Amino acid sequence: MKKQFENNRQLIFYFLKGSKAYFILAILFAAAASLFDLINPRIISFTVDSIIGSKEAGLPAFFKGFIQGIGGIAYLKSHIYFVGVFVVIVALIGALFRYLFRLFNSKGAEKFVKVMRDGLFEHIVHLPFAWFTHNPTGDIIQRCTSDVETIKRFLSEQLTQMLRIVIMIALSLYFMSTISTKMMLAAAIFIPIIVTYSLFFHKRIGETFEKADEEEGILSSIAQENLTGVRVVRAFGRERYERQRFESQNTIYTKAFMKLDILITWFWSIGDGISGLQLLTIAGLGAYFAVKKEITAGDYIAFVSYNTMLVWPIRSLGRVISDMSRANVSIDRIRYIMNSEEEVDDKDAIEVDMHGDIVFDHVSFRYNEDSPLVLDDVSFIIKKGTTLGILGGTGSGKSTLMYLLDHLYDVSSGHISINGVDIQHINRDYLRKNIGLVLQEPYLFSKSIEENIAIGIPTATRDDVEEASKIASLNEAINHFKNGYKTSVGERGVTLSGGQKQRTAIAQMVIRKTPIMIFDDSLSAVDSETDAKIRKALDENIHDATVILISHRITTLMQADQIIVLNKGKVAQVGNHQQLRSQEGIYRKICDIQNIGEDIS
Ligand SMILES: Nc1ncnc2c1ncn2[C@@H]1O[C@H](COP(=O)(O)OP(=O)(O)O)[C@@H](O)[C@H]1O
Ligand SMILES: [Mg+2]
C-alpha cells in the first residue's frame, strides 16, 4: 500500500518537495525587506534629534563607527543631503528584497502546483476502475484544478502573507519598544481588537460569499440548460415558465450579492473607524509624552511612522486567517484522492500464455457491498481458440462479465482463470494488453483517426492501420474523408457517426492481434450487412484468437461455437445455435422475434 496521509500538514509537506527552499528564501527576504522598511524612521528621528537638534545619539555601535568614518556628526550637519541619499539607498535595498521575496514566492508557488498536479494525475491513473464509478468526473476535475489553485493561493499568498505580517508586527513592536515601552503597549492593545473584529467580519463575509456563489451557480446552470436545451424549451412552449424560473433565481442571486456588499461596507467603515482611533490615540499620547520630554521630537516622528506601518498588516491579518481556514476544505478534498488506494498486483503476479481455456467458475459479483448481485453463480468454459456468443437483455450483466475478465473489478466470489491461472495472479498490465476489448460505448481521443487506431502501439505502420481498418469495414469511409487517415476526430469523436466510431474501435482492437478478443455489442450501430461483412473478415484474420461476441442480434452470434444466454445475472441456457434453437426458452423466443427460421444457420 502506498503512503497514507493522516492529516493535511503531511499532505502539504509531501507536495512541498522541490519548492520548500523557494518558500524559505521568500520568507527570509520578506523579513529582510521589513527590517529595511523599519530602518528609515530611525534615520529620520536621528536626523531630527542629533543632526538638526543637538542630542547625543544612542546609536548601535556599527552605525556610530560608520558615522565616525565619514567625518562625524559635524560633517553630517553641513552635508545634510547625505542623509537623504542614505534614506533612498535603504528604501532601494528594501524594494530589492521585496522583489526577491515576490520572485521566490512565485517560483515556489509554480513549482508546488506542478508537483501537486503531477502527483495527483500519477495517482489518479493508477486508481482502480471501480473508483471512477463512485466518483463523478466533474468532481475529480474540480479537485485537480480549483482545489489545487486554492492550495497554491494558500501557500503562496496566505501563508507567506501571514508570516510576513507576523514578522512585520514583531519587528515594528520591537522598534517601537526601543523608543518607548509604554507607547508600544498602547499601540499593541489595539492589535487583538482589530484582529478579532476583522476575523469576525471575514467569517461572515466568507459565508455570505459562498452562498452568493452557490446562487450564481444555480443561475448559470438555468441559463446553460436553456441555451443547450433551447429546442426542447421551444418545442414544448416552456419559454414563459423558464423565464420566470430565471427571473426568480436572478432576484435571489441579486439579493445575496447585495447582502455581501452591505457587509463589506460595514467592514470597511468600522475598520477605518478603529484604525483611525488607534492612530489618533498614539498621536495624542506621543504628543503628550513629547511635551513632557519623555521622548524626543525625532522619536515622536519615528513612532508615528511605525504605528502607521502597522495598520495594514494588522487589518489584513484577520482576512488572511479566515481565508486560510477555507483552504482546509480543499486540502481535505485532495487528501481524499491521494488516500484512495491504487491498483496493485500481487507481489508474485505472473504472465501466462493467454492462448488457453478461459474458465468462469461460480462467479458472483456486485458493484457495491450493499447493492444486489449483478452476476449470480456464473460458470462456463471457453475452449482456447473458439468463439463464445453471449445473448442477454440490457442489464443482464454482459458487460460486467467482460469487465471482470479484464480484471477491472475483482469478483465478489468464485474464480476466473485463463490457461489454468486465476487472473488474480496475472499481472494486470499484461492481462489487459492481451485482451482486446471493444467497448459498447467506444471513446475516441481528439486525435487523428490513424492515431486513434494505433493508440499505444508506437511501432504500428500505416499499412497495419489500413489493414485493420479494412477488416473493420472502415477503410472505405475513411477514404471518403478529405484528409483520410489524418482526419481529426473532434472532441469526443463528434465528427464520426456512431457506426464509424464502433468500427474505429474494432480496428483499434484488430491491429493489436490480441489472443483474446471481446466485442461488447460492438456491431449494434452498423447495419446487418456490414455486421456480416465485418464478421467474415474477422473470421479470416483472427486465426487462433479466442473470441467473445456480445450481441442482441441472433445473426451476429449464431455461428459461434458456443452461446450462453444470460438472464438477470444468471446463465439461463448454454449450447450452440442448433441446440438452443430447438429448445424451449429465451433463445428460441428471440429467434422468433427476429424472424430467424429453423433453416437459417
Ligand atoms: N458502475 C456500476 N455501478 C453500479 N451498478 C452498475 C454499474 N454498471 C452496471 N451496473 C448495473 O449492473 C447491471 C448489469 O449491467 P451491465 O453489465 O452493463 O449489463 P449489460 O451489459 O448486459 O447491459 C445493471 O443492472 C446495471 O445497472
Ligand atoms: Mg453492456
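Modeller: Two strands are taken to pair if DSSP finds at least two bridges between them. Helices (H or I, at least four residues) and strands (E, at least two) are DSSP runs, numbered from the N terminus. This is a predicted model, in which local features need pLDDT of at least 70, side-chain atom pairs count only at pLDDT 80 or more, and totals for chains, interfaces and linings use all residues. Residues are numbered from 1 along each chain as its sequence is written, chains are lettered from A and ligands numbered from 1 in the order in which they are written, and side-chain values use heavy atoms, with hydrogens and water left out.

Colleague: In which sense do E1 and E4 pair, parallel or antiparallel?

Modeller: Strand E1 (residues 358–365) and strand E4 (residues 413–418) pair in the antiparallel sense, over five bridges. Within E4, Ile 416 stands opposite Phe 360.

Colleague: And what do E4 and E5 form?

Modeller: They form a hairpin with two residues between them, and Asn 419 in the turn has a positive phi of about 50°. E5 (residues 421–422) runs antiparallel to E4 and is joined to E4 by two bridges. Ser 417 has Asp 422 of E5 as its bridge partner.

Colleague: Which strands form the open sheet, and in what order?

Modeller: Six strands form it, in the order E6-E7-E8-E3-E9-E10, with mixed pairing. Because strand E6 (435–438) and strand E10 (570–575) stand at the edges with a single partner strand each, one side of each is left without a neighbour in the sheet. On average, neighbouring strands of this sheet are turned by 15° against each other, direction ignored; the axes are lines fitted to C-alpha atoms, for helices over the stretch in contact, and angles run from 0 to 180 degrees between N-to-C directions.

Colleague: How many bridges join E7 to E8?

Modeller: Five bridges join E7 (residues 516–520) to E8 (residues 546–551), and the two run parallel. Phe 519 has Leu 549 in E8 as its bridge partner. Strand E3 (residues 387–392) also pairs with strand E9 (residues 562–567) in the parallel sense, over five bridges.

Colleague: What do E9 and E10 form?

Modeller: E9 and E10 form a hairpin with two residues between them, and Lys 568 in the turn has a positive phi of about 50°. These strands run antiparallel and are joined by five bridges. Asn 567 stands opposite Lys 570 in E10.

Colleague: Changing topic, which residues are around ligand 1?

Modeller: Among them are Thr 133, Tyr 367, Val 374, Gly 397, Lys 398, Ser 399 and Tyr 409; a residue is counted if one of its heavy atoms lies within 4 Å. Helix H12 (residues 398–405) gives the largest share of this shell, three residues.
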